[in-house]
Structure formats: C-alpha cells, structure tokens
Amino acid sequence: MKLFSLPTPGRKILVLTGLAASTTLVLSNAAEAAVSEETAFIFNTFSFLIHGVLVMWMAAGFAMLESGLVRTKNTAAICLKNIALYSIAGIAYYLIGYNLMYVDVAPDGFIGSFSIFYNTSEAELALIGADEATDELIAAVTSNGYSVMSDWFFQMVFVATTASIVSGALAERIKVWPFMIFILVLAAFIYPIQASWTWGQGWLTTMGFSDFAGSTIVHSVGGWAALAGALVLGARKGKYGPDGRVNPLPGANLPLATLGTFILWMGWFGFNGASQLAMGSALDVAAIAIIYVNTTLAAAAGVVAAMVLTQILYKKMDLTMTLNGALAGLVSITAGPDVQHHGLALIIGAVGGVIVVFAVPLLDKLKIDDVVGAIPVHLCAGIWGTLCVGIFGGASIGTQIVGIAAIGAFTFGTSLVIWFALKTAVGIRVSEEEEEMGLDKAELGLEAYPEFGQGSQAF
Amino acid sequence: MKLFSLPTPGRKILVLTGLAASTTLVLSNAAEAAVSEETAFIFNTFSFLIHGVLVMWMAAGFAMLESGLVRTKNTAAICLKNIALYSIAGIAYYLIGYNLMYVDVAPDGFIGSFSIFYNTSEAELALIGADEATDELIAAVTSNGYSVMSDWFFQMVFVATTASIVSGALAERIKVWPFMIFILVLAAFIYPIQASWTWGQGWLTTMGFSDFAGSTIVHSVGGWAALAGALVLGARKGKYGPDGRVNPLPGANLPLATLGTFILWMGWFGFNGASQLAMGSALDVAAIAIIYVNTTLAAAAGVVAAMVLTQILYKKMDLTMTLNGALAGLVSITAGPDVQHHGLALIIGAVGGVIVVFAVPLLDKLKIDDVVGAIPVHLCAGIWGTLCVGIFGGASIGTQIVGIAAIGAFTFGTSLVIWFALKTAVGIRVSEEEEEMGLDKAELGLEAYPEFGQGSQAF
Amino acid sequence: MKLFSLPTPGRKILVLTGLAASTTLVLSNAAEAAVSEETAFIFNTFSFLIHGVLVMWMAAGFAMLESGLVRTKNTAAICLKNIALYSIAGIAYYLIGYNLMYVDVAPDGFIGSFSIFYNTSEAELALIGADEATDELIAAVTSNGYSVMSDWFFQMVFVATTASIVSGALAERIKVWPFMIFILVLAAFIYPIQASWTWGQGWLTTMGFSDFAGSTIVHSVGGWAALAGALVLGARKGKYGPDGRVNPLPGANLPLATLGTFILWMGWFGFNGASQLAMGSALDVAAIAIIYVNTTLAAAAGVVAAMVLTQILYKKMDLTMTLNGALAGLVSITAGPDVQHHGLALIIGAVGGVIVVFAVPLLDKLKIDDVVGAIPVHLCAGIWGTLCVGIFGGASIGTQIVGIAAIGAFTFGTSLVIWFALKTAVGIRVSEEEEEMGLDKAELGLEAYPEFGQGSQAF
C-alpha cells in the first residue's frame, strides 16, 4: 500500500529502469542493439493502424466543422453526406481505387491496374492459416516491411479525407444522391489515378515531384473537385445581392465548428505522422517526432496569423477565419512536415493563415460560393505548401509547379466533366423552394434541431 | 534549414532506412529476426492500453448519440446517466465483476471466483519494487505475455460498453437511481457471469462457441438487458396513440447523434482490434490490420444499405437510420472481424444495416419503446453477427445458436427479475407529471439548454 | 473464404502464436529475451508522441467544457480563446519556455537557460542526413533513450493544458487580447520557471518533492493563475446580488460540457501514462498499465462521490458538479497515479469529488467568480493530490507542503503582478455594456448560435 519505491523519474533525465540489468549484454553486439525485422514489421504496421484511426477521425472533424458552419435547416443533410461519403469512398476504394493507384504503376506510368477487390497477401494468409508459425512463413511476411492491409487502411482514410473536403464547399444547395455519385467517381477513379503519378511511383515521382503527405495530392485535389462543383452548381440563393453585395449566411453552431477544427488538428498527427511510412527504426520514429512538432507549430502559426490579421483588417477577430487559419497552417505543412528547423514550420503555417484571410473575400468577389472556406484552406494553402518544398526543401521548384499544374488540370478537368454530366443527366441542385425550405426537410424529411428557435423558418 | 536529404519515401515501396545498416546482422540468425519476449510483452500490453482508450471513448460516443436522440428536456439526465454508468460499472467490475469472469473458471464452469478487488500481480510488484531489474524478475513478469492490469483495463471498458447500451433504450422515463442500481448488478454479476462461459474459458468455450469481440457477449447482452427494461418500464407517454398510431418523438440535436456515431466507429477499432489479445508478433499485428479493414468495410456497408433501403422504402433517406446502419454494421462484424475475404465483411455489414431498417418499425409494432434503436442495433445485429461465424467461419452454426440462446436466456431472465424487483421495491418510472416536465427538471433541477427555444415546454 | 483457422484466442489465456516457433531460441540467451536499445528508443519516443496527441486533445476538452458552461452570448469568444491560447502557448514554449524549464537547470537551480528556439539534436540530424544509417550514428541517437522532439512535444501539450485551465475561470468578462498576453507570459516564463524546480531537476527535486504528472505543477499552477485573475477581474455582473444572494448563471449547452469532460478523461490517459517517461521495458509498460487503471478508478470515484453528495446535500443530482467530480478525481490522482493498491485510487479520487462539492459554494461565499469551477477542480484537488503522495506514498509530507507552497506563492504572486500590470496598462475587463451584450458580439462581432432562441438577449 505504498507508491512505487522507484524514484519517480524526473522529466529531464530518463531512467530506463527496465534496461539497466541487461545493458552490458545489449551493447556487446551491434545486432542486439538493433531492431529485429519482425519487431520493425510490427512497428511499421501499427503506425499505419493507429495513425490511420486518427485520420479516420478527421471524417468526424469535417462533419462537425461543416455542421457548425451551415444553417440549421441544412444540418442533418450535411451530417448524412459526411458519414455517407466516408462509407462510399471506402467501398469504392476497396473495389477499384486502390488497385488503380498502387498496383503495377510503371515508372513513367499514369495509372495502375484495373481490377476489383484488394485482399490480404498470400504470405500473410499462409502464416495465419499455418499450424505452426515457422521462421520461413514469418520471414515471407515480414520481408514486406508492413502488413498489406494496414497500408490499405491508411491509404483508404486518405481518399475519404479528399472526399470530405468537397462536401463543405457545396453544402446547402446540392442534392444528396448526385453528390454521392460524384464521390463514388472521385474515390474510384479521379483520386487514385492522379495519386498513382506520385505515390504509386509513376511519372511525377520519376520526375522528382515531392508531396510528403498530400498538400497537393489530397488537399488540392479535394479543393479542385470542390471548385469545379461550386462553378457548375452556382451560389446559394441570397448569397450575392444584385448590387454586388455579399450577404453573410452565418453558421448555426460555432462550438461544433470549433470542435471539428480540433478533431482535424488531432487527426493530422496521423495524417502527417504515418506518411513517414515506417516507424521501425530510430531514424523513422525520430522523423515522426519532428513531423509532429512541425504539424503543431504550423497550425499554431496559422491560428495566430489569421487572428492578428483579421483584427488589423476588420478591427474584430473572426472565429471562423481563425479556425480556417489552423486548418490552412496544417494543409501548408503537409507537403513537407519533415522540414528540419522548426522555425520554418512557423513561417510556412503563418503564410497559410494569411492566404486564407485574403482568399475568402477574393472567392466572394468572384461569386464562387464556398460555404465553409474549403477552397481557400485546401486548394490555396495546399498549393502554397507544395511550393514550400521547392523553396525550403530539396525538391526543384519547377518540378513542384509541374506537379501542382498537372494534378490540378487533371482533377479540375475530370471533375468539371462529371459535374456537368450529372447536371445534365439528373440535375445536381435542389429547387428554389427546397433550398428555401432547407435540405433537411426537402431531402430527409426531418429537422436537425426540431425544438430550437425558428429553425428552418430563419431564412 | 532544409528538408530531409533522404528521398521522401514513396507510398508504395517502403524504405526501411533504419534497418539498412544492420540487415546482414539481423538476417544471420533467426532469433535476431524475431521479437524478443520482453518486446512482445510491451506490444501486447500496449495494444490493450491504447485500444482500451479507444473503447473508453465509446462511452462518450453513446453519451452523444443518446443526447442527440432524446428531446431537450431529457438531455442533461441522459448525460448524467452516461458518465455515471461508466463510473459505476468500472468500480463494480473492479470490486467484484472481473473475478467472477476470469478467476478460476472451470473448463465446464458457469462462474468464476467470488472475491473482492483485483490488483497487480506479485511478479509485477516484485519487479517494480526491486532495486535492480534482474533477468529473473523480468522473466517472471514477461512470461505472462502482457501486464495484468492492462488486461483488466481492456476488459473493464467492455463491461462499460455493455452498460451504455442499456441507457439509450430506456431514456426519457426511467428514474436515475434505480437505473444506477441495475447497472451495478449488470456490471458486478450479470455481465461477468455470462462472459465467464466463453471468455473466462468456461463451458461455452469448451463447446466451441466463438464470439471474437462480443457481438453476443457484449452487444446482445446489452440489448437483452435493455429489452427486459423496456418491457417492464413501458413506452413513453404519447409514443403510441390509442388507435395504434406511432408518434415520432424526434431527437433534439442530430449533429450530436452524428458525432456519437463517429466516436463509436472510431472506438470500434480498439474494441475489435485488441480483441486479438496480442500484438507482439507479425501474425498478430497482421491479423489486427485485417480486423481494422473488416471493421471499416462492415460499417460502411451498413451505412449504404440503410441509406439505400430507406430511400426505397420511404422515398427519403433517414439520418438516424443511417447512423444506426453504421452501428449495426459494426455490431455484425464484431463476432468475426477476422474473416479473410474482405468482400464478406461488406455482406455481413450490409445485412446488419438491412436488419436495423426492418427491426425498428417491428419493435414499434410490438409497442416496445426503444428511444435510440439500441435493441435493433445491438441485439438483432448482434445475433446476426454471431450466426455469421457459423455461416462463413469455422464454428458450428449449432453451437453458435446454443451460445446465443443460453446467453440470451440468462441475461434476459436475470434482467427481468432485477427490473421487476426494482419496480416493486422503489419504482423505476418517474411520474406522469415529471415525464411531461422532463427528467432534467424533475430529477436534476436544471435544463440542458436553458436559453434555446421552448425546451421543456415542447411536449 | 473462411474465418481464421486459428482457434480464436480466449480472453483469459493468451496464445502468443507468433512467438511459438522461436521460443527456444529466444529463451536460450538473456539478451535475446530483452528489448534492444533501438527498440526501447522507439517505444519511449512513441509513448511521448501518441500520449501527447491525447493530451493535445484535452485542449478540445477544455474548449467544449467551457463552451457548454458559459451562456450563448459568450460562446464564440470562449471557443476563440481556447484555440488561440493553445497556439500561443505552443509558440511561446517553443521560442522561450522549454529552454527555461529544461536546459541547464542546476541541481539547486531555480531556472534554466535564457535562449530562443529548440530544435532537433545534432545526433538526430546527423542520422537523418547520412547516406547510410551506421551503427555509430544510430547509437548516438538511441543513447538518449527517446527522440528529442518527442519529449518537446509531450512537454508542450502540458503547458497548453495549464493555459487552458485559466480561460474557463475568467470567461464571460475578460477582454480577449489582454488574456492572450497573460497566456504568453504564463507559457514563456511562469510555467517553465516553476516547472524547472521539479521536472527540470532543480531545487525541489533535490529536496525530494514528488509530483508524478503535475497535480501541482500543471493543475494547481493553472488554478493559481486563474485565482489571481479572478480576484483582479472581479465577478460577472449580476452573479452576486447586493443582499449576498448568489445568482446561478447556467451554462447554455450541457451536452457539450459532458463531451468536454469525456474528452479530458480520455486525454488524461496520455497525461498520466507518458509521464512514466518510458515504455521500452516490461517494468515501464506494466507501470503505465497500473497508471491507466488508477486514472480510471479515481475519476470514477470522483463521479460517484460528487453525485451521491449532491443528492444528499441538495436532494438533486447536479450534472455540472458530477462532471467536475470526474475532473477532480483525475486531478487528485495525477501526482501519484502509480499508487500500488487500486483501492487507494478510489479513495483519492472520491475525496477529490467531495472537495469540489464543498469548494464551489465556498468560492461563491468569498465572491470569487469562477465560471466553470476551474479553481475547485484544478487548484483544490491538485493540492489534495499532491498531499496524497506524502500520505500514501514514499515522499515526505513536509516536502510536499513545501513544494505546494513554493509553487503556489511564485505562481500566484507573479500572476497577480501580470494581471495588475495588464489592468493598469490596457484594461482587462470589457465595459458593462459589452458584458451585457456578450463578448461574442462585442469582441468578435458575431453570434455562436445565431438561429437559436433569444441568444444574447437572454440576460
């Protein structure tokens, strides 16, 4: 009935108590000081899994951010879209997308393999099904470096993130089902094809394009798809007055938007962290630590930059802009979160926050109606972040521009085609009456907050 | 001031940089390629801990789901019940439950040991208290495979999940204190006794019953206890009209319900993942990866199935049904998340989503008032998931039915007795006036949203 | 197309399948049974990282708790403060704080090094930049026990927690910018200087003061800073009537406050868990398991104690008090979460819950207006928890009192000076009209819930 008799370890000098007894043995042989192949396999796999859970959690972050920034009468619809798009993207990526992105991409390739399903490897099935786990069976599995499906899981949550970006920009006027069809095409084809160019080791990787965790490949791609959708769909009724006036349509629940931002920030440790793709060595885990710190500092700098700038420009701090400042900082650092002086992360993130403060009114000037600021945050800051690798890192700025442009042109072009096709075939926008009434009543036949205030009568 | 000079690892070909230098040494000896016993001990223990945190987080998921699906006037009461039931279940399991479930269960046994408290092992205390961590002390600890209390922690969060299932079904009319007494009995006796039959290695395990992470042992048990409670308690005032009409009493805050569902989905990776019970080998971590993927796909299929089916049946998508579709998919896969072709997980989860869409109106036809749909999700889909192990897996379908029936009969029977005893002794239902006023004012003397709308005057 | 042919492992007897084949090899040599130095390095680093993410998540917990407990008209402002304070604290700690806390603190020292920036070590940069990861380069990194920046990350989230505690107590009347300046000073100077005395291995550690994860160093420090602020700032308009009457100003959104509490509880596993400072040995991970269990039980006991006590004292359970009971239980166990009989954790946590129930009305009697109960929870229970190490643990109670008093005097004194200086220089309180109108409109020019109820007209 007493506390540990061990001295409570100080927080400066680490007492590796458990190692003490065997130190001499351990140090007597270099191999024994190293990580065994199977241990590295476990670390690498687990990094994909646990960090993948954090990225999955970002789906909830987008759902809360968007729920907080739409009006009450469209809240249930945006909730439905967010859980549905995650599900549809996951299934589409399982059935088709992953193979297009990763299987048999040539070094100068533009696409992977058309085939359906993606399942555990033969080696893993042999180990799992064996009566005895022999060294040969284990070695056949561990030589891959990580478990096959852990990688699939981690890649899947990335396509879901890309899809999540689209829903916020197009909220409050898009029909649910055509939106779902777009997500299906995005997750099965558009995202995997462009991602095969870099992460599938295709032509952009051969060329030297560098995008560590996806400022361009995930965030700009989501932003381009949203921009194409916003152009085809048009602005919400009442957003832009005939005299050029921009009417604010304020979000109904700002604590939820704040929660969403914190969730996204939390999830980003998984997003950037496991993009190191390994954790089974001192080098890799030290790199992940550097990545975590840069992720933290870039987001913090984005917050402070957006907060200070809105205070200067508008004499008031703006909560939504500050939240988007955090996200822009995160998007900005995502292409190069392994930058080595952490002061650089502060600069990269702060510029991201500044970009968002200027890009939001610019979009309004162009009458492009982006309900939550997804295009400024994911597209604009995503381009900035990808350029940073050229500016501060080892990649060529020219190659970075080629990558940004090629991925942008492909994604924007194909998205535009799909959106137009959907518009022509089934229509993508609810009627004026339905928009007035709100998508919750029109498309779901219910209210998100049936007991609160005027609800759908508010506008 | 530059990015890492390492080539950014592609996302396809893993560069195990840290291992490169020592590869020849590592491969020269099979033992050095393997995981040491102490390393495996750390992995196994940590899997229980970090996955256990995810399962603990499910308590917040239930709290948010239920807060979103009750009316405003009963929201604070359901919040209180959720944090209180987690606490009471944890303490009860510490004092009595764990020992009944795991200590000295005979191979044909029906119950473990009656004893109080459960603390760290002698071997661990000896290592912790020693001046030096000798090889003998370490070996005495590591031979157990995992730390004693990490297992306790992981098992405890399971009993809390079982208890959480009950609160939603009985919301909006049950008195707080009698509910707490039921939870105490459930966590101290009912849950541990039935769980000892399988997970305590009692008679059902001897018989061959298989329930990987608890479709029956956790989810159906929660559902049976809720069903017994709903029968004894009766429906909410106004739910069922005299003419057989079912009145919807819509939930007050659907974004919270959506958040709760995402939290539960996230927590389920811990629930199913660490139910592998080990992570200290390539085999185990590869199995966990497979489990994560199946968990994802089953939930996604549940979402899509429920969404499509409500669109077909009712011409509108239903958000609540879609959320419950996700949960039903998760419950369905829980008995066999290690199924090897991931296409099967899609089927199992989709059927779960279909079950929920049909079971919800069926319960209403039977005038069993389940506020959040806990019985369809946890009991009905739980039975389906357990049967799936007989259908798609290695277990005998007959044995699966015996397990489902035995656990169901025991749990439903004992729950019915306890609910009746509580009803007779102290009453379990608030008065009509209190129900009208709402449990928040009646039992807590406060309002959950004092500034919003009419609140408790709404009904 | 079948389930794993492996027998589903029972939940009692762990089948370490992966180890089976190599058991004889592993046991033939003590070194092979142990954890290699590099493996331990990965575990230690990863513990800081993943547990640090959980502590980062506590920032969202405070944001939600405080959003739920203020009135609607001050909700957006408290959201802004919470994300901004996290960001400012992080940057300040990076620029100045960490060095003051950890770099070159003498054994009888009161302060570390004045210097700016804190970056990765030379050894880690050498390994990262090398063409080949040689054994020498790896050994130079791993001899530190953990990666340098993982430790920075874990320490940073602690200073952010300290800062978060302050915002709740001072809500609803403090100006945003002066508050931010205080946070900057707190994170750059006050917190690091006092923390250097113990965790920087300064004079209090030399003296034998023990505070495992910061009941005093984090929680009381936040509480003292909040108390100084509350005294200088004064109570909210209308809180205390002229006749000594205490007017409740109820929180606007109790499910959010509940969510915040669950988030904090979840995050606390990281807070206490990685304060073991290592995970790379059987001893360390077994200790973390014990810590998780004590953290669980103390919180649960705090809940039950507060719930039962408010029922007895006021004939009603109080949700806010129950949530604060959970937090008080968590704060109480934080100084000694490694206590060996878990029954003690129940007692320590329950007393924490009792303290909060009595301290809240006591503060009101003293007309100290603490909006969320931060002072009872973090200061009062923090002192209790630190004393417990003297009562139940190995530390001297006298030394514990010296530590509590010295840290309290320094923090309260310096905070008082800063708050007075800010009051004199720029004013720290909004005008009466702005307070009436609400900080959201006054300072941010927006509303948190523009469509719900009367919102800012409510008071």
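Me: How many residues does the contact take from chain C and from chain B?
Reply: Chain C gives 96 residues and chain B gives 120. Bear in mind that this is a predicted model. A residue is counted here because its heavy atoms come within 4.5 Å of the other chain.

Me: What makes up the area buried between chain C and chain B?
Reply: Carbon and sulfur atoms give 74% of it, out of about 8600 Å². The count of residue pairs in polar contact is 9, with both partners at pLDDT 80 or more. Helix α13 (residues 282-314) of chain C supplies the largest share of the side that touches chain B, namely 18 residues. Sort that side by class and you get 60 nonpolar, 27 polar and 9 charged residues.

Me: How many salt bridges does the rule find across the interface of chain C and chain B?
Reply: It finds 0. To count, a side-chain nitrogen of Lys or Arg would have to sit within 4 Å of a carboxyl oxygen of Asp or Glu.

Me: And what about chain B and chain A: how many residues does each give to the contact?
Reply: There, 97 residues come from chain B and 120 from chain A. On the side of chain B that touches chain A, helix α13 (residues 282-314) of chain B gives the most, with 18 residues.

Me: How do you know what relation superposes chain B on chain A?
Reply: Take a rotation of 120° with 0.0 Å of shift along its axis, and chain B lands on chain A with an RMSD of 0.0 Å. That's why it is called the relation of a three-fold axis. For chain C on chain B, the rotation is 120°, the shift is 0.0 Å and the RMSD is 0.0 Å.

Me: What makes K237(A) and E436(A) a salt bridge?
Reply: The N to O distance between their side chains is 3.1 Å, and the limit is 4 Å, so the pair qualifies. K237(A) sits in the loop between α11 (215-233) and α12 (254-273), while E436(A) is in helix α18 (residues 432-437), so the bridge ties together parts 199 residues apart in sequence.

Me: Why is K237(A) called partly exposed?
Reply: Its relative accessible area is 39%. Buried needs under 20% and exposed needs over 50%, so K237(A) falls in between. E436(A), at 38%, counts as partly exposed too.

Me: What about R71(B) and E172(B): are they buried or exposed?
Reply: Both are buried. Their side chains meet in a salt bridge at 3.1 Å, N to O. R71(B) lies in the loop between α4 (37-69) and α5 (75-102) and E172(B) in the loop between α8 (148-169) and α9 (176-198), so this pair ties together parts 101 residues apart.

Me: How many salt bridges does the structure hold over all chains?
Reply: There are 15.

Notes. Residues are numbered from 1 along each chain as its sequence is written. Chains are lettered from A and ligands numbered from 1 in the order in which they are written. This is a predicted model: local features need pLDDT of at least 70, side-chain atom pairs count only at pLDDT 80 or more; totals for chains, interfaces and linings use all residues. Side-chain values use heavy atoms; hydrogens and water are left out. Helices (H or I, at least four residues) and strands (E, at least two) are DSSP runs, numbered from the N terminus. Copies are superposed by least squares on the C-alpha atoms of residues with pLDDT of at least 70 in both. Buried area is the accessible area (1.4 Å probe) that two parts lose on being put together, summed over both. A polar contact is a pair of N or O atoms within 3.5 Å; within protein, one must be able to donate a hydrogen and the other to accept it, and residues adjacent in sequence count only if both atoms are side-chain atoms. Ala, Val, Leu, Ile, Met, Phe, Trp, Tyr, Cys and Pro count as nonpolar, Asp, Glu, Lys and Arg as charged, and the others, Gly among them, as polar. Buried means under 20% relative accessible area, exposed over 50%, partly exposed in between (1.4 Å probe, protein chains only).
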